[in-house]
Amino acid sequence: MDCIFCKIIAGEIPSQKVYEDETVYAFKDINPMAPVHVLIVPKQHIASVNEVTAENSAVIAHIYEVASQLAKELGVAEDGYRIVTNCGKNAGQTVFHLHFHLLGGTPLKIEMC
C-alpha cells in the first residue's frame, strides 16, 4: 500500500509523534493551520468516513477520547478547539486514510463550520 499515513505509523516516514496506543497514532501536522494542529489517525487503514462500519466504528469513539485528552495536554481544552475530518476530494481530503485534525491555540475562522 502506498499510503503516507500508513508509512508514518510504521515509522518509515518521520513525524513528530504526540501520542500513540494500540489503536491510534497522533502527530503534528507539517503544515499547521493553527498553533496547535495535530493529526489523529487510526492505525487500521480506513480510507474515509465512507468506510466506517459497525465492525470498525469503535475506533472513531476512541479517536474522540484521545482528542479530548490531547486538547487538555496541549492547553487548548479550556479556550476551545476544533476537530475536523474531510470525506472525499470535494471536501478537501487529500490523504485517503481517515484522519482527524485537532486545531486550537487561537480563535479559528467560522466560515465553513
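Predicted model: local features only at pLDDT ≥ 70, side-chain atom pairs only at ≥ 80, totals over all residues.
**Aromatic pairs**

I looked up ring pairs and found 3 aromatic pairs in the structure. I took Phe-5 and Phe-27 to begin with: their ring centres are 5.7 Å apart and the planes stand at 75°, so I noted the pair as edge-to-face, the cut-off being over 60 degrees. I then checked where the two residues sit. Phe-5 belongs to helix α1 (residues 4-9) and Phe-27 to strand β2 (residues 24-28), so this pair ties together parts 22 residues apart in sequence.

Next I looked at Tyr-25 with Phe-27.

Phe-5 is buried, with a relative accessible area of 6%. Phe-27 is buried with a value of 4%, and Tyr-25 is buried as well.

**Largest pocket**

I read off a volume of about 860 Å³ for the largest pocket. I counted 32 residues in the lining; Asp-29, Met-33, His-37, Asn-86 and His-101 lie nearest the centre of the pocket.

I then asked which elements give two or more residues to the lining. They are α1, β2, β3 (36-42), β4 (81-84) and β5 (100-104). Helix α1 gives the most, with 3 residues.

Last, I sorted the lining by residue class: 16 are nonpolar, 11 polar and 5 charged.

Terms used:
Residues numbered from 1 in each chain as written. Heavy atoms only, no water. Phe/Tyr/Trp six-rings, centres within 6.5 Å; stacked < 30°, edge-to-face > 60°. Helix = DSSP H or I, 4+ residues; strand = E, 2+ residues; numbered from the N terminus. Buried < 20%, exposed > 50% of the residue type's maximum accessible area, 1.4 Å probe, protein only. 1 Å grid on protein atoms, 1.4 Å probe; cavity = no way out; pocket = protein on both sides within 12 Å on 5 of 7 lines; lining within 4 Å. Points joined across faces, edges and corners; volume = space filled by probe spheres on them. Nonpolar A, V, L, I, M, F, W, Y, C, P; charged D, E, K, R; others polar.
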